[in-house]
Amino acid sequence: MSEWKLVLENEEELIALHNIIMEAKFSPNPQDSRLGASPFTADLAERGLETLIKVQSKKNPTKNDSWSKWLEGKKEWIWRRSLSYLLKHSPFRWETMEEETKYEYIRWVFSPYKPSEKDIRDFIKEYESYNEINSKSILSSNIRGFGQATDEMLDCLEERLDTTLPKDYKQFLRKYNGGTVVVHYLTFLVEGINEVIPLEVLFGIDVENKYSLNYWNRSNDEFPPNYLAIGEVGNGGKLLLGNGNNKGIFYWNNMFRESPLVEEGVYKVADNFDAFLDGLKKFNSNLGIV
């Protein structure tokens, strides 16, 4: 077999190639379904990162450790996108695979991150649990909840925010305490601008800051007045809960972040939280909204 070589002119090109491979391999909606889980792409991702580390470590020996920390920090991102990928592109004859083959398959999916045996067991358990869900609720089969909020947690949040949360929203927090979207592109319609917006996360109580109701509502000047931030959408905008007389669920375009006290870029999407959940739709890149 003839040997092919790809010549890169500098380190910046190598970094760009690494980024392209990572984005393509972990895309939840690839044009080519073979990109995500195959020995070829796993090997390509590993060799690309290993080469980049080798090049940079010659100039700075600490790069090996810093890249290891970077990859560990990517674990959640890789996990979510791998789960999304498998739920959209179910492995051929997964049910009849031997356990050892399943483990090897998940290693390919996660590469260049190297999951532990426990990681693989937990991932397979989560993947199979979503496959077993048989529910009419689009939310229950498409959100990774953060747990369940207790009444004490809800009371503390209401006291800190000096508000009373709607009953339907509190019930959602009791059941899921927020959560990240599993398969990506769970969408809602914003009629005011005639756009379909992808939902990324619904915030929870006492979770890590980037997903936390407590964190995002820590001050009164982050968002337009009389709203609580309860989630984030694909373009960096926020999902808001109307507070006071302005009831309902709203989409806020993040382009107005520089002047949040001006109520611009705020569009109503539902009269209440249950209506918002009922209006969520899955997005299929080939077919559109389904």
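1. The largest nonpolar core has 43 residues, and those with the most contacts inside it are Tyr169, Phe172, Leu173, Phe188, Leu199, Phe273 and Phe276. A nonpolar core here is a set of buried Ala, Val, Leu, Ile, Met, Phe, Trp, Tyr and Cys residues joined through side-chain atoms within 4.5 Å. Buried means under 20% relative accessible area, exposed over 50%, and partly exposed in between (1.4 Å probe, protein chains only). Strand β5 (residues 227-233) gives the most to this core, namely 5 residues. Helices (H or I, at least four residues) and strands (E, at least two) are DSSP runs, numbered from the N terminus. Another core, of 28 residues, lies apart from this one; Phe26, Ile53, Trp79 and Met97 are among its members.

2. A note on the source: this is a predicted model, in which local features need pLDDT of at least 70 and side-chain atom pairs count only at pLDDT 80 or more, while totals for chains, interfaces and linings use all residues. Residues are numbered from 1 along each chain as its sequence is written, and side-chain values use heavy atoms, with hydrogens and water left out.

3. Phe273 can be followed in detail. Leaving aside neighbours within four places in sequence, Phe273 is in contact (heavy atoms within 4.5 Å) with Asp168, Tyr169, Phe172, Leu202, Ile230 and Ile249. Both Phe273 and Phe276 are buried. The two are 3 residues apart in helix α10 (residues 273-278), so about one helical turn separates them.

4. The structure holds 21 aromatic pairs. Rings of Phe, Tyr and Trp (its six-membered ring) pair if their centres lie within 6.5 Å; planes under 30 degrees apart count as stacked, over 60 as edge-to-face and the rest as tilted. The pair of Tyr227 and Phe250 is edge-to-face, because the ring centres are 5.1 Å apart and the planes are at 80°. Tyr227 lies in strand β5 and Phe250 in strand β7 (residues 249-252), so this pair ties together parts that are 23 residues apart in sequence. Tyr227 and Phe250 are both buried. Phe273 and Phe276 form a tilted pair, at 6.1 Å centre to centre and with 35° between the planes. One aromatic cluster is formed by Tyr169, Phe172, Tyr176, Phe188, Tyr251, Tyr267, Phe273 and Phe276.

5. Charges also sit over rings. The criterion is NZ of Lys or CZ of Arg within 6 Å of the ring centre and within 35 degrees of the ring normal. The charged end of Lys74 sits over the ring of Trp77, 3.9 Å from its centre. Arg218 lies over the face of Tyr215, at 4.0 Å from the ring centre.

6. Is Lys238 buried or exposed? Lys238, in strand β6 (residues 238-242), is buried, with a relative accessible area of 2%. The side chains of Lys238 and Glu232 are joined by a polar contact of 2.6 Å. A polar contact is a pair of N or O atoms within 3.5 Å; within protein, one must be able to donate a hydrogen and the other to accept it, and residues adjacent in sequence count only if both atoms are side-chain atoms.

7. Strand β3 (residues 186-190) is mostly covered, with 4 of its 5 residues buried. β3 pairs with strand β4 (residues 195-202) in the antiparallel sense over 5 bridges; two strands pair if DSSP finds at least two bridges between them. Phe188 has Ile197 in β4 as its bridge partner.

8. Ile78 is in helix α4 (residues 75-88) and counts as buried at 0% relative accessibility. Not counting residues up to four places away in sequence, Ile78 touches Met22, Phe26, Leu71, Phe110 and Tyr113.
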